[in-house]
Structure formats: C-alpha cells, structure tokens
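Dear colleague,

Please find the structure below, followed by a short account of what was found in it.

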Amino acid sequence: MAAVREHGLVKPALLEDALVRMSGLVESPAELEPPRRPTVVVDLYRAFKEEGRRLVDITWDQHRLHEARRWSATALVDSVRLEQLTERDRFVVWSAGKAEMTAKPSADRMARLADKECRRWVGQDNVVASIIQALGTWSRYWNEEEAHHETSFTQLAMRAGFEPLSDDAVIEYRKVFPDDDLLRTVTMLAFSESIASVNYGQYMRQVTDPGLKALFKHVGADEVQHMQYFISFAKALVDSGAYPAKEAFAVAHFFLREEGELYGSAREHVEDRGTHINWWDHLENEAGRTAAAPEALDRKRSLILHSLRRITGVACASAEEVEDYWMDLVGC
C-alpha cells in the first residue's frame with residue numbers, strides 16, 4: 001500500500017503494477033511484465049483544464065491502451081484442459097460466468113448516464129462536460145472487455161458439463177441498473193472492479209490447470225485496469241468541484257460498514273434488489289466462500305481505501321474513519 005503514492009509521484013505503469021500486487025494477482029515482483037505502455041490517464045481534470053488536451057487526444061489514449069491489452073478469449077478457453085478441473089474449479093467458473101453477465105447492463109447504463117450528464121454541463125462547465133464525455137466514450141471499451149470475461153466463463157462452464165443458462169435467466173441478469181448520482185455510480189464501479197480483481201486473484205492461486213490460471217490472471221488484470229479508469233474519472237469529477245467528495249465517502253461507507261456490500265454473498269441473506277442483480281450477492285458455493293476468505297476481505301478493504309484516497313485526496317485507515325469523515329461532510 002505504501003508503494004502507491006499520489007499526484008504523479010509514482011509513474012502510472014508502476015502504480016498499475018502495485019495495484020496488481022495488491023489484488024493478489026502476482027505472488028512476486030518477478031512475475032510482473034516489463035513496464036507497460038500506454039497507461040490510464042490518472043489526472044483527467046488537469047489534462048483537460050491545464051494541458052489543453054482534447055477529447056480526441058484522450059480517446060486515442062483509451063484506444064491505444066485497449067488495443068495493447070487485448071487477449072483472445074477463444075485461445076485461452078481452448079487452452080484449458082477440462083480433465084484437470086476439480087469440482088471446485090467447475091463451480092467457480094460457472095459462478096464467475098453468471099457474475100460477469102451483469103457487466104453489460106452496467107456498461108449500458110454508464111454510457112446512457114454519461115451522455116445525459118455530459119449534455120447537462122455543456123455551456124456551464126465545458127471541462128466537466130469533456131471529462132464525462134470521455135467516460136461515456138471509454139465505456140464502449142469497458143463493455144467489450146467485459147464481454148471477453150462473460151463469454152469465456154460461460155463457454156468454459158458449458159464445456160465442463162453445466163447446462164447452458166436459459167434465455168429467461170440471461171434476460172434476468174441483463175436488467176439495467178437504475179440511474180444514480182454520477183460520482184456515486186463511478187465510485188461504486190471502482191470498488192466493484194477492485195473486489196472482482198481480488199476474487200480472481202484468489203481463484204487463480206487455487207487452481208492447478210495452467211490455462212484456467214492464465215484466464216483468471218488476464219481477467220483480474222483487466223479488472224485492475226477498469227478500477228484505474230473509474231478512479232481517474234471519479235477523481236476528475238471531485239477535482240472539478242462540480243461533484244462533492246461526500247458522495248464518494250457515502251459509497252465507501254456503504255461498502256465498508258458492518259454487513260456492507262464488501263461482504264456480498266457472505267451475508268446471511270441475498271439482497272432483493274428488485275430492479276437489477278448485483279453480481280457480488282450471487283457468488284455461490286466455493287466461489288462465494290473464496291471471495292469471503294479473511295485475506296480476500298483484507299485486500300478488498302485496502303483497495304477500497306486506496307481508491308477513496310485517490311478520488312478524494314483524503315486518507316482513511318479504517319471503516320470507522322470513513323464513517324466519521326463522511327458524517328463530518330454531511331454535517332452530522
């Protein structure tokens with residue numbers, strides 16, 4: 001955690017490496033690839049406001065990173081030796097496929113919400129409008145990358161003997177989330193991606209098949225990159241002054257509080273959302289138990305606190321400190 005510093009003191013590529021280690025996706029620095037380029041633009045507000053960068057510049061950065069990180073779902077799924085999978089492996093793959101199915105409606109909602117919000121700011125604060133339009137533009141890459149995850153796991157689950165999900169089940173998992181405040185939404189997605197990356201790191205260390213291990217590692221690394229993007233957009237919204245930091249703290253409290261979202265499927269009851277399905281409520285059997293292991297929860301808390309610090313500039317060391325700071329911000 002101490003290696004991840006702020007405001008340009010650590011180069012973006014090194015920051016990403018540190019986050020990959022925090023997620024548990026590598027067990028030693030030697031496993032890290034050489035510094036990767038390009039990287040996420042971590043200070044978007046300054047890029048637009050002070051550096052005079054344009055949307056087409058940021059879009060090119062987004063595209064270069066997307067293209068540089070591409071991997072073949074078909075090749076990785078084909079590389080898995082099904083006869084080596086344990087019952088635990090099979091159920092984890094099946095559960096991951098269902099969880100990833102909710103990424104598409106989340107991305108669809110993000111694109112719609114970003115465009116609506118962008119147009120609200122045009123003429124009032126064009127820097128804010130550009131930041132939000134960059135978010136909507138990036139959501140197309142996020143959606144495509146999440147498609148790799150969903151289709152890899154669902155295809156692998158069928159090859160491992162699971163019945164295909166019914167069309168009714170797919171349609172149920174495709175329910176689009178209701179709209180919310182933009183900063184709360186982006187912050188929630190940063191936390192969601194950090195939790196997913198830790199889960200895949202946990203799964204990766206427990207499997208023996210090299211192909212499945214590689215698949216978990218690629219998907220987990222994608223989730224770290226997505227977390228980075230959501231942090232950068234949330235930070236830009238706060239830096240602009242248009243969105244109050246208290247909303248990011250509200251989401252952090254929502255996740256970190258006792259019995260909060262951090263604990264997902266480990267809770268005694270499954271939340272009835274009514275409008276949509278949150279993937280973290282529906283991890284079943286070994287997938288849910290692995291996600292709730294003490295070391296996994298510690299990593300998730302650390303990443304959430306790290307994300308909150310980068311978004312708001314305020315460092316908190318515990319759920320209690322987050323709650324206290326949030327109470328101060330809302331005047332309670």
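Leaving aside its neighbours within four places in sequence, with which residues is M110 in contact? They are L135, S139, W142, L182, T185, V186, L189 and F230, where contact means heavy atoms within 4.5 Å.

This is a predicted model, in which local features need pLDDT of at least 70 and side-chain atom pairs count only at pLDDT 80 or more, while totals for chains, interfaces and linings use all residues. Residues are numbered from 1 along each chain as its sequence is written, and side-chain values use heavy atoms, with hydrogens and water left out.

M110 also belongs to the largest nonpolar core, which has 70 residues; together with I132, L182 and F230, M110 touches the most other members. Such a core is a set of buried Ala, Val, Leu, Ile, Met, Phe, Trp, Tyr and Cys residues joined through side-chain atoms within 4.5 Å. Buried means under 20% relative accessible area, exposed over 50% and partly exposed in between (1.4 Å probe, protein chains only). A second, separate core has 25 residues, including L85, Y200, Y203 and F216.

Helices α6 (residues 103-121) and α7 (residues 126-159) pack with their axes 8 Å apart, at an angle of about 165 degrees (axes are lines fitted to C-alpha atoms over the stretch in contact, and angles run from 0 to 180 degrees between N-to-C directions; helices are DSSP runs of H or I, at least four residues, numbered from the N terminus). The two are therefore roughly antiparallel, a term for angles over 145 degrees.

Finally, E259 has a positive phi of about 65 degrees although it is not a glycine. E259 is partly exposed, with a relative accessible area of 45%.

Yours sincerely

How values were computed. Angles under 35 degrees count as roughly parallel, over 145 as roughly antiparallel, 65 to 115 as roughly perpendicular and the rest as oblique.
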